[in-house]
Amino acid sequence: MTEPLLVDRTDAVVTLTLNRPKAMNALDVALKEALRDALAELETDRSCRAVVLAGAGGSFSAGQDLREHVSTLETSASDPLGTVRAHYNPIAARLANLPKPVIAAVRGMAAGAGASLAFLADIRIGGPTTSFLMAFAKVGLAADTGASWTLPRLVGHAKAVELLMLAEPVRAEEACRLGLLNRLMDDDEQVLPAAQELAARLAAGPTIAYGAIKRQLSIADAGTLADALAAEAQAQAICGATADHRAATLAFVGKQKPVFEGR
């Protein structure tokens with residue numbers, strides 16, 4: 001049986017590949033559970049210092065597997081969208097709060113919950129065929145997998161309303177202009193290698209500080225200046241006590257290149 005999620009480790013970088021290419025990596029229960037559980041393991045895995053999220057074949061992810069969902073609608077009348085609480089919410093929370101960098105290699109279509117997954121990454125890299133489609137309204141649904149939180153932060157409230165309500169595709173160049181993509185490669189074949197190269201660069205950096213930066217920005221996005229200042233003080237107390245900070249400071253003073261070990 002083909003594994004729905006491929007887990008590849010190269011040094012300190014873990015690449016998670018959604019592996020249902022014949023279904024455009026649509027998210028069925030097996031894939032959602034595998035992704036949820038893999039992220040839970042990586043959260044405390046000290047050997048993993050950066051994560052790449054990718055899709056097999058020519059697509060990132062078409063979102064929820066609607067063929068499977070039709071069956072759910074017919075058999076689970078009391079809670080047909082129970083997958084949101086059971087799968088999508090835990091996946092979104094773990095991706096957003098993972099204390100290490102997450103890079104999304106977005107080749108081809110990222111639709112619905114598939115797009116939402118990409119938006120939860122810290123950095124998104126795409127190619128000429130990359131496109132995003134907030135497809136929820138096309139099937140009479142609101143946003144999920146964190147899109148109501150990430151999308152306004154990426155493109156602003158007004159544009160988020162437009163993308164979610166009109167459900168029109170956003171092509172690669174426009175996605176880059178809007179901030180849905182951080183980097184746009186000239187060739188689709190460059191997307192995954194570029195994402196893995198960037199992840200390796202980040203994995204060699206001050207990963208405790210990166211995790212603190214993610215927490216800071218999350219708090220500051222939703223809070224007051226006082227909340228942000230408190231979060232900064234807490235983050236600097238944590239980072240200031242790390243071996244990485246001490247070693248990097250001494251290296252800087254000594255005009256040497258710092259070596260970070262994530263501790």
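Analyst: The crossing of H5 and H6 is right-handed (the near helix is turned clockwise from the far one by less than a right angle). This is a predicted model, where local features need pLDDT of at least 70, side-chain atom pairs count only at pLDDT 80 or more, and totals for chains, interfaces and linings use all residues. Numbering runs from 1 along each chain as its sequence is written, and side-chain values use heavy atoms, with hydrogens and water left out.

H5 spans residues 147–155 and H6 residues 157–166; their axes are 7 Å apart at an angle of about 125°. Helices here are DSSP runs of H or I, at least four residues, numbered from the N terminus. Axes are lines fitted to C-alpha atoms over the stretch in contact, with angles from 0 to 180 degrees between N-to-C directions.

On the H5 side, Leu151, Pro152 and Val155 make the contact; H6 brings His157, Lys159, Ala160, Leu163 and Leu164. Contact means heavy atoms within 4.5 Å. By type, that's 6 nonpolar, 1 polar and 1 charged, counting Ala, Val, Leu, Ile, Met, Phe, Trp, Tyr, Cys and Pro as nonpolar, Asp, Glu, Lys and Arg as charged, and the others, Gly among them, as polar.

Key: Helix = DSSP H or I, 4+ residues; strand = E, 2+ residues; numbered from the N terminus.
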